[in-house]
Amino acid sequence: MRTVKYIRVSTAEQNVDRQREKGLKHYIDKCSGSIPFSDRPQATKLEQDIRDSNDLPPTKRITTVKVHSISRLGRSTICLLYTSDAADEEDS
């Protein structure tokens with residue numbers, strides 16, 4: 001079981017240091033929260049890495065994704081539900 005962290009800031013100039021956590025692999029997008037999760041480069045990589053980790057031993061699989069705040073995943077409830085639903089489909 002492995003935990004990773006998804007970090008998003010709105011502009012390239014913003015600093016991500018306050019969202020970082022030691023010991024975790026980070027997926028960092030510098031883009032507007034209005035961009036759907038599935039259209040963000042590092043979010044897409046994260047989704048792929050989660051799928052690929054299913055072929056790894058259980059101790060190396062990505063099982064948890066942490067975020068600094070729920071707003072890092074999306075700006076609206078609909079967007080958050082879509083992201084959550086897409087993640088659930090990967091588990092099926």
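Which residue's side chain meets that of Lys5 in a salt bridge? The points below take this up for a predicted model.

1. Lys5 and Glu21. The partner is Glu21, with an N to O distance of 3.2 Å. The pair links distant parts of the chain. Lys5 sits in strand β1 (residues 2-9), and Glu21 in the loop between β1 and β2, 16 residues apart. Lys5 counts as buried, at 3% relative accessibility. Glu21 counts as partly exposed, at 26%.

2. Asp49 and Lys25. These two form a salt bridge, with the closest N and O atoms 3.7 Å apart. Asp49 belongs to helix α1 (residues 41-53) and Lys25 to strand β2, so the bridge ties together parts that are 24 residues apart in sequence. Asp49 is buried at 16% relative accessibility. Lys25 is partly exposed at 36%.

3. Asp17 and Arg20. Another salt bridge joins these residues, at 3.6 Å between the closest N and O atoms. Arg20 counts as partly exposed, with 40% relative accessibility.

4. Asp29. This residue lies in strand β2 (residues 25-30). Asp29 is buried yet has no salt bridge. The nearest side chain of opposite charge is Arg40, 5.3 Å away. The Asp29 side chain does make a polar contact of 2.7 Å with the side chain of Tyr6. Beyond its neighbours within four places in sequence, Asp29 has contacts including Ile7, Arg8, Val9, Pro41 and Gln42.

Methods
Residues are numbered from 1 along each chain as its sequence is written. This is a predicted model: local features need pLDDT of at least 70, side-chain atom pairs count only at pLDDT 80 or more; totals for chains, interfaces and linings use all residues. Side-chain values use heavy atoms; hydrogens and water are left out. Helices (H or I, at least four residues) and strands (E, at least two) are DSSP runs, numbered from the N terminus. Buried means under 20% relative accessible area, exposed over 50%, partly exposed in between (1.4 Å probe, protein chains only). Lys and Arg count as positive and Asp and Glu as negative; His and the chain ends are not counted. A salt bridge is a side-chain nitrogen of Lys or Arg within 4 Å of a carboxyl oxygen of Asp or Glu. A polar contact is a pair of N or O atoms within 3.5 Å; within protein, one must be able to donate a hydrogen and the other to accept it, and residues adjacent in sequence count only if both atoms are side-chain atoms. Contact means heavy atoms within 4.5 Å.
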